[in-house]
Amino acid sequence: MKIVHTIADVQSCISGQKFEGKRIGFVPTMGNLHGGHLTLVKKAQELCDCVVVSIYVNPLQFGPNEDYDSYPRTLEQDCALLKEYSVGIVYAARTQEIYPEGSDSHTHISVDMLDGMHCGKSRPGFFRGIATVVTKLFNIVRPDVAVFGEKDFQQLAIIRKMVRDMCMPVDIVGAPIAREESGLAKSSRNGYLTKEEREEIAPCIFEILSDAKSVIQAGERDYDLIRRNAFAKLAQAGIKPDYFNISNTRTLLPASDNDDQLVILAAGHVGKARLIDNIHFSIDV
Ligand code: AMP
């Protein structure tokens with residue numbers, strides 16, 4: 001496994017692989033890897049001959065009062081894990097090369113249709129930061145396939161749209177959410193939780209999502225009522241709800257009576273962590 005830090009080095013490793021006719025799979029991450037990231041790696045390995053994992057905490061996607069400084073950086077541990085998984089190349093990018101003139105003056109990519117709702121509403125600039133860095137990483141790595149987690153459902157939708165709209169030559173593949181036994185979606189930010197928050201409180205997000213799904217599948221169509229009930233249940237469980245939205249899977253707009261592919265997206269604060277989760281399913285209309 002090669003661990004590289006510069007654009008020149010990652011491109012030289014990849015061009016060697018491409019020269020041998022290998023298909024390049026790419027998994028962009030912010031590091032502090034867990035089982036969720038590893039399912040993405042496995043998926044990329046199923047589809048490609050050489051997998052590149054990037055590890056980069058992208059300052060552009062963090063707001064002024066968010067956890068950019070405290071975000072867990074565990075490069076050594078991450079590389080040991082990726083080595084066990086026989087990853088070919090780890091690209092641990094550096095800010096001085098990603099944003100040489102600072103992130104504010106950098107060219108930005110915005111997917112306006114999808115980035116103002118859900119997480120984009122509470123975190124202005126978040127998805128612009130993601131779309132910008134992902135574009136840059138795609139241009140550096142030039143992968144055949146890139147794998148993203150459904151855990152970040154809105155992010156996946158934004159990347160898919162960006163790639164489609166801008167004719168980027170990469171196949172985007174989604175991987176299902178990896179969960180802890182309790183149902184809690186795996187996340188680097190789970191590390192901010194106390195034992196009690198992690199075991200007793202945070203898993204309620206998935207429980208409440210699953211309950212809402214069951215209620216809808218049983219025929220309830222008053223989405224506003226379901227949403228209000230879920231907000232109350234989240235608060236009761238000790239979670240400060242941010243949003244709980246029932247949406248069309250493709251447009252991410254509020255679900256209407258004709259929609260048969262639904263996603264429920266939720267976010268809330270548990271102690272020091274802001275957690276997100278979602279569940280998608282079809283219904284008969
Ligand atoms: P991050 O390091 O949080 O930026 O995540 C990097 C990639 O891993 C993104 O595509 C995420 O959607 C994905 N990911 C994070 N957590 C999970 C999870 N629990 N299950 C599946 N994919 C995940």
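Me: By class, how many nonpolar, polar and charged residues are in the lining of the second largest cavity?
Reply: This is a predicted model, in which local features need pLDDT of at least 70 and side-chain atom pairs count only at pLDDT 80 or more, while totals for chains, interfaces and linings use all residues. Residues are numbered from 1 along each chain as its sequence is written, and side-chain values use heavy atoms, without hydrogens and water. By class (Ala, Val, Leu, Ile, Met, Phe, Trp, Tyr, Cys and Pro are nonpolar, Asp, Glu, Lys and Arg charged, the others, Gly among them, polar), the lining of the second largest cavity has 5 nonpolar, 2 polar and 2 charged residues.

Me: Which element gives the largest share of the lining of the second largest cavity?
Reply: This cavity holds about 50 Å³ of space. Residues including Lys151, Leu184, Ser187, Asn190 and Ile205 line it, together with Leu275, Ile276 and Asp277. Elements are DSSP runs numbered from the N terminus (helices, H or I, at least four residues; strands, E, at least two). The largest share, 3 residues, comes from E9.

Me: What is the volume of the largest cavity?
Reply: A cavity is a set of points on a 1 Å grid over the protein atoms alone where a 1.4 Å probe fits but cannot get out; a pocket is an open set with protein on both sides within 12 Å along at least five of seven lines, and lining residues have an atom within 4 Å of a point. Points are joined across faces, edges and corners, and a volume is the space filled by probe spheres set on them. The search of the whole structure finds 2 cavities of 30 Å³ or more. The volume of the largest cavity is about 100 Å³.

Me: Which domains each give at least three residues to the lining of the largest cavity?
Reply: Helix H7 (126-141), helix H8 (153-165), strand E8 (261-270) and strand E9 (273-282) each supply at least two residues of this lining. By class, the lining of the largest cavity has 8 nonpolar, 4 polar and 3 charged residues. Domain bounds come from an automatic or database domain assignment. At least three lining residues come from each of domain 1 (2-175) and domain 2 (188-276).

Me: Which element gives the most to the lining of the largest pocket?
Reply: The largest pocket has a volume of about 950 Å³. Strand E2 (24-29), helix H2 (35-47), helix H6 (119-122), H7, strand E5 (145-149) and E9 each supply at least two residues of its lining. With 5 residues, the element that gives the most is H7.

Me: Which residues of the lining lie nearest the centre of the largest pocket?
Reply: The lining of the largest pocket divides into 21 nonpolar, 14 polar and 9 charged residues. Domain 1 (2-175) and domain 2 (188-276) each give at least three residues to this lining. Of the 44 lining residues, those nearest the centre are Met30, Gln61, Tyr71, Asp152 and Arg189.

Me: Where does the second largest pocket lie?
Reply: About 340 Å³ of space lies in the second largest pocket. Of its 14 lining residues, the closest to its centre are Leu114, Ala157, Arg164, Arg250 and Thr251. Both domains give residues to the lining, so the second largest pocket lies between domain 1 (2-175) and domain 2 (188-276).

Me: Which element gives the largest share of the lining of the second largest pocket?
Reply: The residues of this lining divide into 7 nonpolar, 2 polar and 5 charged. The largest share, 6 residues, comes from H8.
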